[in-house]
Amino acid sequence: MNGKIVVLPDSLTSKIAAGEVIERPASILKELLENALDAGATDISIELEKGGCGSIKVIDNGSGIERSDVPLAFERFATSKIYDFDDIYKVRSYGFRGEALPSIAAISRVEMVTKKHSSLSGTRVIIEAGEVKTVVDAGCPVGTSVSVSHIFDPVPVRKKFLKTETTEQGYCMDVITRTALSHPEVRIRVAARGREILNIPSARDLSERISLVLGTDFTNHTLPVKGNKGNITLTGFASKPEYSRSGAKQMYYYVNKRFVRDYLLNHAVMTAYRRVIAAKRYPAVIMFVDLPTEDVDVNVHPAKMEVRFRNPREIYDIVAGTLVTALSNVAPVISGGNDRVMPEGYGERVQEALKRYTISSGSGKLFFNKDVREAGKTGSAHGKMQENDRDALQLQRLPEGSYVEREIAKKGQNFADLEFIGQIAGTYLVFSSSISLILVDQHAAHERVLFEKLKKGSPAPGEKMIGQRLLIPEVVSLSPREFAALMESIKILEDTGIEVELFGEKTVIVKSVPAMLSHIEPKELLFEILEEFTETEQSLGLEERREKIFALLACKGAVKANQKLSESEVAMLCRDLDATPFSSTCPHGRPVFISFKVGELERMFKRK
Ligand code: ADP
Ligand code: MG
């Protein structure tokens, strides 16, 4: 290849896969970029007007064209890249058919300005609808600038096949992306409508270029891969198992730096990922296969996007094999989705937690509505009391906010409709719905239920709430401090249904307790309340003190952590939660439940 452009003889052109190459602006751009790269350019500027539908200009700092060769470059089958047919199997250049420039010139107006390093002056040539209009001297830098305008003017029907300018510009950007990826060393700038939209400096290596072109997200989620067999080498980047895409757009294949769409390469890649990513998901890969030019036929398709390998099996094995090895070495990553960066040791902590919390009991669907009364009769003491209280409660509007609440509001669903799966760590109740997994803290949930019942059940301050009479009243002797606290709080105690009678010096008789707390030792209950009271700030208003006592009573009365609940008790709790406002937190503000949408689970399991 000496740079001289010659017209190929008919005997040769008939063997070249010729045909229509100019489909749309992006095809023009692709040919111009390939010519610039073939000319050894290290700096390429692209200007697009109207998404490439108006005009396309490519300026390079490559070799330039000799004045005498310029008109020849626009003749069919005139090329400087091959001289006889066998050269096709030797070419490393993108072009070799000598067809692009004449094809482009036939359907547009082309203005080329070019200068070789050795020439004193440059050349300007203007070609309209395939006819050379002007060839003149021009002062210009070394290199070539080709400006294509009036695209498809000579064949207006072709314009009808164009999509919107935005879409056509998108195709042009795809071409630029592919070129930029295979030529990290080339500086590329792009302007559209007079504004610079891309400026990628010459990069030291591929990963730097990839970060700039495809974003750091791509580099963060991919691994470098390398493999070789004989004189075939594979280099590139492949996404880690936890990263996948919904489409095949981020799968780039190059053979000898030529971007190709190749079934074989794609099949090899998908095979390697088959057990690693979900069906209908695609990895992100950039694969460069390099092999001797005689082992690959690029003369298959006019746009040269398809190739034929002499030894397809070898190519397949090296690609699939290299990827399988690379992927098998990747440690699994557990993260909360959204590609958030997880703190150090997060993975281990999750593993630890999973070991500790294993589901201890499982069951099918629970009995609800009609069986609930039955459950109440056979349930524990406090279950029975809730059953009595329940009828008095009205279903209230749940506050907005948490996911389950929104879910419930939307679907008219409630906790009682969830499927109970079991209890973990004796503390958390596990439920599922068709759209989420829900963990309920049994203590926090019950606490909120009791607290709201106390509040709702208690009459206006001063009025007594009917407590449950104790069969045998309890005699309690108090310390002077406790006695003083009692004197202060006796009114509030009565409001909650705790009836206390003075018996003697610092001795009292507890005659009744709130119904829901009848399973607690009255003495213990009284002591705790008094303690809470002595600690309560004196400045607190009556209402606040009452709330504090309610919270204490609710906490005392609620089922504890590490307590096995029967299914009927769980069913009861669900019903109560459904009738309780503010059911997303306990009176102390801790969450009552945590839910995971299926979508979130899918993200955690890297299905999405
Ligand atoms: P091909 O690339 O297949 O040879 P083209 O029609 O694309 O055919 O180009 C014809 C010839 O014009 C090329 O062989 C090359 O010698 C010359 N040429 C085209 N563009 C450039 C350029 N940007 N820089 C230097 N030479 C070019
Ligand atoms: Mg070309």
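**Exercise 1.** Determine the handedness with which α15 and α17 cross, and describe their contact.

*Solution.* Step 1. The crossing of α15 and α17 is right-handed; a crossing is right-handed if the near helix is turned clockwise from the far one by less than a right angle, and left-handed if anticlockwise. Helices here are DSSP runs (H or I, at least four residues), as are strands (E, at least two), numbered from the N terminus.

Step 1. Helix α15 spans residues 480-495 and helix α17 residues 542-557; they pack at about 65 degrees with axes 10 Å apart. Axes are lines fitted to C-alpha atoms over the stretch in contact, and angles run from 0 to 180 degrees between N-to-C directions.

Step 2. On the α15 side, Glu488, Ile492 and Asp495 make the contact, and on the α17 side Leu542, Arg545, Arg546 and Ile549, contact meaning heavy atoms within 4.5 Å.

Step 3. Sorted by class, this contact holds three nonpolar, no polar and four charged residues. Ala, Val, Leu, Ile, Met, Phe, Trp, Tyr, Cys and Pro count as nonpolar, Asp, Glu, Lys and Arg as charged, and the others, Gly among them, as polar.

The model is predicted: local features need pLDDT of at least 70 and side-chain atom pairs pLDDT 80 or more, whereas totals for chains, interfaces and linings use all residues. Residues are numbered from 1 along each chain as its sequence is written, and side-chain values use heavy atoms, without hydrogens and water.

**Exercise 2.** Characterise the largest cavity by volume and lining.

*Solution.* Step 1. The whole structure contains four cavities of 30 Å³ or more. A cavity is a set of points on a 1 Å grid over the protein atoms alone where a 1.4 Å probe fits but cannot get out, a pocket is an open set with protein on both sides within 12 Å along at least five of seven lines, and lining residues have an atom within 4 Å of a point.

Step 1. The largest cavity has a volume of about 180 Å³, a volume being the space filled by probe spheres set on the points, which are joined across faces, edges and corners.

Step 2. Among its 16 lining residues, Lys30, Glu34, Arg178, Thr179 and Phe259 are closest to the centre. At least two lining residues come from each of α2 (25-38), α5 (165-182) and β14 (258-260). The lining comprises eight nonpolar, two polar and six charged residues.

**Exercise 3.** Which element gives the largest share of the lining of the second largest pocket?

*Solution.* Step 1. This pocket holds about 700 Å³ of space.

Step 1. Helix α2 supplies the largest share of its lining, six residues.

Terms used: Chains are lettered from A and ligands numbered from 1 in the order in which they are written.
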